[in-house]
Amino acid sequence: MTTPETGPPSETGPRRELEESIQRDLGGQMSYADYLQLDRLLSSQVPRSVPPQHDELLFIVQHQTTELWLKLVVHELRSARDLLRADDLPQALKRLARVKHIQHTLTEQWSVLATLTPSEYVRIRPFLASSSGFQSAQYREVEFLLGNKDAAMVEVFAHDPAQRQALAELLAEPSLYDELIAFLARQGLPVPADLLDRDWTRSRSSHPGLVDVFAQVYAEPERHWGIYETCEELVDLEDAFQQWRFRHLQVVQRTIGHKPGTGGSSGVDFLRRALDLTFFPELYAVRSRIGG
């Protein structure tokens, strides 16, 4: 109780005093906001709905954060590919381990967007116009880096010369998987010659000769431990990628049912067909040979 004589009661609960060494005057010095360019980052969420819809900010933040994570995935996959080319397997594996953690974060993110009900989303959808996640250049960069290449996708970005150029370059370069195959050959494994000098712009189907090579690795994992570990890392990566794709499909289905996508695709059916794609076909084919 407060009285004129006693004044307000003293605070009783825990309190953390600022340490003397903590910087308080940031005038003329780099701050947290400066380093992260938060003025630009946090002003990039620009809802378009009229009248304003409360849930549009969720939709924008969900997709912008996805693009930020994809930027890091591209960064790490490029590095892993280059490290394999330089025969630095341990560092390449470190990069792939990080990518897997990012993938788990991306998959969990869908649960936030899933809080957007069909009735809420339908108020936002008209303002998306023809924009669609199908048009994510960074997603296509990830697919190209992993080996799922499609020259037709490059032309989807003809309206943006920089994005088109980046994809065209990745299309013509060996993928991460191509670099692993070349690494196997340098380690003395009998990799078929036609896998080492080919048209990098084309996706591959499963090659029986490469399945034979992986069968050797899986028959003696202790002898080929580094390669064996890398193979399993890639299977983990693809498994995580498929979980992300499937969760995407589920969220779209619960939000719009079987309506066409805003970018003109068939929607859920188009996403479901992506589940049949594989980046590393021989790493799945070899499983039928193990112990058989």
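A crossing of two helices is called left-handed if the near helix is turned anticlockwise from the far one by less than a right angle, and right-handed if clockwise. Keep that handy for the first stop. What you have open is a predicted model, where local features need pLDDT of at least 70, side-chain atom pairs count only at pLDDT 80 or more, and totals for chains, interfaces and linings use all residues. Numbering starts from 1 along each chain as its sequence is written, and side-chain values use heavy atoms, with hydrogens and water left out.

**Stop one: helices 3 and 6**

Select residues 56–85 (helix 3) and 137–146 (helix 6); helices here are DSSP runs of H or I, at least four residues, numbered from the N terminus. They pack at about 25°, axes 9 Å apart, with axes fitted to C-alpha atoms over the stretch in contact and angles running from 0 to 180 degrees between N-to-C directions. That makes helix 3 roughly parallel to helix 6 (angles under 35 degrees). Helix 3 passes helix 6 in a left-handed crossing.

Now show the side chains in contact (heavy atoms within 4.5 Å). From helix 3, pick E67, L70, K71, V73, V74, L77, R78 and R81; from helix 6, pick Q138, Y139, E141, V142, L145 and L146. Colour them by class and you get eight nonpolar, one polar and five charged residues. Nonpolar covers Ala, Val, Leu, Ile, Met, Phe, Trp, Tyr, Cys and Pro, charged covers Asp, Glu, Lys and Arg, and the others, Gly among them, are polar.

**Stop two: around helix 6**

Stay on helix 6. Ten of its ten residues are buried, so helix 6 is largely enclosed by the rest of the structure (buried means under 20% relative accessible area, with a 1.4 Å probe and protein chains only). Just after helix 6, click G147: its phi is positive, about 115°.

**Stop three: helices 4 and 11**

Next, select helix 4 (residues 89–113) with helix 11: the angle is about 15° and the axes are 9 Å apart. This crossing is left-handed too. Its contact has 15 nonpolar, eight polar and five charged residues.

**Last stop: the rings**

Select W110, Y139, Y177, F241, W244, F279 and F280, a cluster linked by ring pairs (centres within 6.5 Å). Zoom in on F279 and F280, a tilted pair at 5.9 Å centre to centre with 50° between the planes; tilted is what remains after stacked (under 30 degrees) and edge-to-face (over 60). Both F279 and F280 are buried.

Note on methods:
Helix = DSSP H or I, 4+ residues; strand = E, 2+ residues; numbered from the N terminus. Parallel < 35°, antiparallel > 145°, perpendicular 65-115°, else oblique. Phe/Tyr/Trp six-rings, centres within 6.5 Å; stacked < 30°, edge-to-face > 60°. Buried < 20%, exposed > 50% of the residue type's maximum accessible area, 1.4 Å probe, protein only.
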